[in-house]
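This report describes side-chain contacts, strand pairing and a chain interface. The sequence and structure come first.

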Amino acid sequence: MFRPLVLAALLAFAVAPVAASAADKPTLTVYTYDAFAADWGPGPGLKQGFEKTCACTLDFVAADSSIGALRRVQLEGRTTRADIVLGLDTALAGTAEATGLFAPHGIDTTALKVPNGWSSPDFVPFDYGYFAFVYDKTKLADPPHSFKDLAGADGLTIVIEDPRSATPGLGLVLWIEAAYGDKAPSVWSGLAPHVVTVTPDWSSAYDLFLKGEADMVLSYTTSPAYHLVEEQNDRYAAAAFDEGHYLQVEIAGILQSSPHKDLAGKFLAYLVSPEAQALIPHTNWMYPVADGPVPDGFAGLVAPDPVLLLPDAEVAAHSGDWIAEALDALAGK
Amino acid sequence: MPLPANSRRLWPGALVAFAIAGLIAALLALIWSARGLGTAGPHPPDIAHLLRMTALQAGLTTGLSLVAGIVLAWALNRLRFAGRRTLVALLSASLVTPGIVVAIGVLAVWGRAGWINAGLAPFGLSTGPVFGLGGILYAHLLLDATYAAAVLLPRLDTLPATRLRLGRSLGLAPLRRFALIDWPALRPALPGLAAVIFLLAFTSFPIVLILGGGPANQTLEVAIYAAVRRDFDLGAAVALALVQLAACALLVLPTALFAPAAIATSAGRTAFWPEPRPFAALAIVLLALALFAFGLPLAAVLSALPAIAGLFGQPAFWQATVTSLAVATPSAFVTLVFAYLVASARTAAGSRLLKGLIAAPASAYLAVPGVTLALGFFLLARDLSIPVSTAAPLVLVLANTLLALPFALSILTPGLAALDRRHARTIAGLRLSVARRLWAIEAPALAREIGLVLAMGFCFSLGDLSVIALFGTEDFQTLPWLMNRAMGAYRSNDAAALAALLLLLSVAAFLALPPLAERAARARA
C-alpha cells in the first residue's frame, strides 16, 4: 500500500519546475517586487513591448518586496543573474547607492516629469505617487485635514505599516519628519492612540481597511483610482493634508556586475518612453513620468501642496533614528 | 523496564539529531560570516524589553492553552457522538494552519466589521477591538489549545478498561475521578507539551504582527525579521537569533531531558464511562463553547472557498497547486523517516541524558527563527553554487520537515516506547531485525500515528511562507506564495479563496491520512 504512494511522491517531485532551455538570444534579468511582475502588473506588458525590438528575452524575477529584491542581489553577490533592480524608491536610494552595486545609467532624465526634479546618476525614475490616508466616504463624512486634526479626532482609527518592513511605513516616518522636523516625536505620540495596528506590509494594512477594521489606511493618493477604474466604485478617497504629502518616486538601476549593461540601458530608456509609460497608471496605479493618457479616475485625485521630499543623503543618514522615535511613540515609551 | 541499548536503532536516529544540530550551527555561522554583506544598523533593539514582552505573552499562551486543552480533552473523552472522530482529526489540523490564515479568520469573526459585531450592531452593542495582547492570545489558543487537546485526548481515551471498571465500582465522584484516574495519565505529557507550546508562542510571527496592534506587543522574532529584511544587519540578526535560541533552550533542554515518554498508544478499543447527567451537560456546554470559539474563525476562512472558481482560468494557479502538492508529498515521507529514526533512537537510548540529547536538536529547530533559517539556506545554496530554482524545492522540503519534526516526535515517541515495553521480550527472543520489527510490529500497531505524522509533514510544507519568501520565483510558485502575491495586488478575494483552499487541503490531509494508513495496515495483516 505504501509503495504506490512512494512512487507517486517521487513522480510528483520529478515534475516540479524544470529549468527552461537556454536560447541564443541574451536574457535581460530584472529583479523587482511581486506586484510589478504579476500577471496583472506592468511586467507582462513591458516584456511584450520590449521584446518586439530588443532581440532578447526579458525576464522579471519577483521578490516579495523591492527591498527584498535589493537584499537578494546583495546576498547573491557577484553570482547574481540580475542585470537590473527595479522598484526601489527614493527613501531607499541613498542606502542602495551606498552598496556600490549600481552603475551609472547614462540616460538623460531631464525631460521626465518628476516632482521636485528628483534625479540621480545611478537610478532612473519610472513612476511616482504620494503617500496619503485613504478613507471610505460613506463611513467617514468629515475626514481629518492634517496630522493635528487626526490626533484630535475622537475615536478615529487608522492602520499603518511597519517602517522597518514596508516602504509606506517608512514613507510616513519621512512625511512627518519633513513636515514637523524636531516636533515629529510629539506628532507620533498624537497619532499613537488612533493606530489600531501596525502591519508588516502594505497589502495587509489595505486589506484590514477594506474589511472595515479601521477608518483610514496609510496608502497612496492614487489608491482611489484603482477602485474607480477597476471596480467602478467611487466610495474611496484620499484625505488631503494641509502639511502636504510625501513623494515616493520608484526607481530602477543597472547593476555594476551586469554583462549586458548596454541592453539594460536600452530597457531603462524604453521604461521611460511614452509607450511603456502608458502602461504604468492602470497596472501599477502610480503617476507616469512621461506625458500620456491616464485613466479618467486620476482626474479627481488629491493634488499635494506642498510636495514633501527629504534629500536622499539625509534620509540614509537619519532614517534609523527617526524610525526608532516613531516606534517608541507607538509603543507608548 | 528499558531495553538494553540497541545500537542499530540508536545510531541512525542519533545521527539525524546531530545532523540537525550541526545544520543549525552551520546556518547561523554562515549568516555570521556573511555579515560583511550587510550594514551595521544604528539601533540595537531593546533586547531586555523584547524578552520580557515575549516571555509574558508566551507564558500566558502556554498556561491558557494547557487549561483549555485539558478541558477540551476531558469534555471529548466524556462524550460520544456522530462526527467525534472527524472533530478529533480537526483538532490536530488546526496546529498546521498558517498563522496568517488564522489571523484572517479571527478578524472575520471578531473584527470591527466581523460576524459577531455585525450580529450585535442592531442591539447597539459591540465587542472591544481584537488587536492587542488579547487578540494574540485568542489566535494562539485557537492553534495551541486544540493541539494540546489533540495530544491529551488519546491519553484519556486509552486508559485501561480495568482502571475505569475499578473506578466505576468504587463509585468515584466526577472530580475524584479526574484527580485519581485522568490526571495521572495527563500529567506526564504536560511538560513536553508546555515546552512545545511555549516555543510556538515565543517565535510566533504573522499572528503577532497582524493582531498585535503595534510595537508594544512585538516579539524577538519580529526584531529579527526587521534586522534581516530592512536593515540587513546580519550581525544583529544572528545575535538576536542566538538570544532567542538560548532563551528557548533554557526551557527545551530540561523538558527534553526529563519529560518521560508516556504509556498512551492507540492499540486497543477505548473504554467509555459516561459522567452523571449534570457533568455530561457541562461537557456538552464546554465543547459547544470551544467549537464556537475555535471553529467559527476557521469557518469564516472556509466561507471564501467558492471564489476559488475565479482562479481556475489562471495557469499560475494550477502551476502553484501542482508545485505545492509536489513539495508537500515528499515532505510527508521525509518527516516520517526522520521522526521514526529519532523516536526509535530515543526509545533505544539507555539513559535519560542520552534521550534528552537526541530529542533536543529536533525541538531546538522550533526556536530558530524561520527568516534566519531561510537566509542561512540561501547562503548555503550560494556557497555550494546551487541555482536558487534548483535549491528551492529541496530547501522547502528540508526546512519544513524539520519544523514538523518536534510534533511528529510527540506523536510517534509514546507509541514506540509503549510497544517497546510490551514486546521487548518477544523482539529479543525472535531476534527481529530493525526492518522486520518495523514491518511486523511497529507499522501495524502505530498505523494511525504514522498517518498523523504524514499529515503533519504534508501540511507544514503546504503552508510554508518563510522559505518561499526568499526562494519563490516566477518558475517556482506555491499556493501560499500566490496568496501573498494576491494580497499585494488588491486581490484580497483571491487571497481569501487561496487561504480557504490551503485550510481545506490541510484538513483533508488530517482527515484522510490516518484512516488510510490504518486501512493499509489492516489490509496487510
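## Basis

This is a predicted model, in which local features need pLDDT of at least 70 and side-chain atom pairs count only at pLDDT 80 or more, while totals for chains, interfaces and linings use all residues. Residues are numbered from 1 along each chain as its sequence is written, chains are lettered from A and ligands numbered from 1 in the order in which they are written, and side-chain values use heavy atoms, with hydrogens and water left out.

## Aromatic pairs

Rings of Phe, Tyr and Trp (its six-membered ring) pair if their centres lie within 6.5 Å; planes under 30 degrees apart count as stacked, over 60 as edge-to-face and the rest as tilted. Over all chains the count is 33 aromatic pairs. In one of them, A:Phe133 and A:Phe147, the ring centres are 6.3 Å apart and the planes stand at 85 degrees, so the pair is edge-to-face. A:Phe133 belongs to strand β5 (residues 123-136) of chain A and A:Phe147 to helix α6 (residues 147-152) of chain A, so the contact ties together parts 14 residues apart in sequence. Helices (H or I, at least four residues) and strands (E, at least two) are DSSP runs, numbered from the N terminus. A:Phe133 is buried at a relative accessible area of 0%, and A:Phe147 is buried at 2%. Here buried means under 20% relative accessible area, exposed over 50%, and partly exposed in between (1.4 Å probe, protein chains only).

A:Trp285 and A:Phe298 make a stacked pair, with 6.5 Å centre to centre and 20 degrees between the planes. A:Trp285 is in the loop between α13 (280-284) and β11 (287-288) of chain A, and A:Phe298 is in the loop between β11 and β12 (307-308) of chain A, so this pair ties together parts 13 residues apart in sequence. A:Trp285 is buried, with a relative accessible area of 7%; A:Phe298 is also buried, with 6%. Elsewhere, ring pairs link A:Tyr33, A:Phe36, A:Phe50, A:Phe60, A:Phe126, A:Phe267 and A:Tyr270 into a cluster.

## Charges over rings

A charge sits over a ring if NZ of Lys or CZ of Arg is within 6 Å of the ring centre and within 35 degrees of the ring normal. In chain A, A:Arg72 lies over the face of A:Tyr31, 5.6 Å from the ring centre. In chain B, the charged end of B:Arg177 is placed over the ring of B:Trp273, 3.9 Å from its centre. B:Arg177 also takes part in a network of salt bridges with B:Arg78, B:Asp182 and B:Glu275.

## Salt bridges

A salt bridge is a side-chain nitrogen of Lys or Arg within 4 Å of a carboxyl oxygen of Asp or Glu. There are 15 salt bridges over all chains. Between A:Arg81 and A:Asp59 the closest N and O atoms are 3.8 Å apart. This pair joins distant parts of the chain, 22 residues apart: A:Arg81 is in the loop between α4 (66-76) and β3 (84-89) of chain A, and A:Asp59 is in strand β2 (residues 57-63) of chain A. A:Arg81 is partly exposed at 44% relative accessible area, and A:Asp59 is partly exposed at 27%.

In chain B, the salt bridge of B:Asp157 with B:Arg84 has its closest N and O atoms 3.1 Å apart. It links helix α6 (residues 133-157) of chain B, which holds B:Asp157, to helix α3 (residues 84-95) of chain B, which holds B:Arg84, with the two residues 73 apart. B:Asp157 counts as buried at 10% relative accessibility, and B:Arg84 counts as buried at 12%.

## Strand β8 of chain A

In strand β8 (residues 216-220) of chain A, 5 of the 5 residues are buried, so the strand is largely enclosed by the rest of the structure. Two strands pair if DSSP finds at least two bridges between them. β8(A) pairs with β5(A) in the antiparallel sense over 5 bridges, and with strand β6 (residues 158-161) of chain A in parallel, through 2 bridges. A:Val217 in β8(A) stands opposite A:Val134 and opposite A:Val159.

## Interface of chains A and B

Contact means heavy atoms within 4.5 Å. On that basis 64 residues of chain A are in contact with 61 residues of chain B. The area buried between the two chains is about 5500 Å², of which carbon and sulfur atoms give 64%. Buried area is the accessible area (1.4 Å probe) that two parts lose on being put together, summed over both.

The count between chain A and chain B is 1 salt bridge. A:Asp215 forms a salt bridge with B:Arg112, with the closest N and O atoms 3.0 Å apart.
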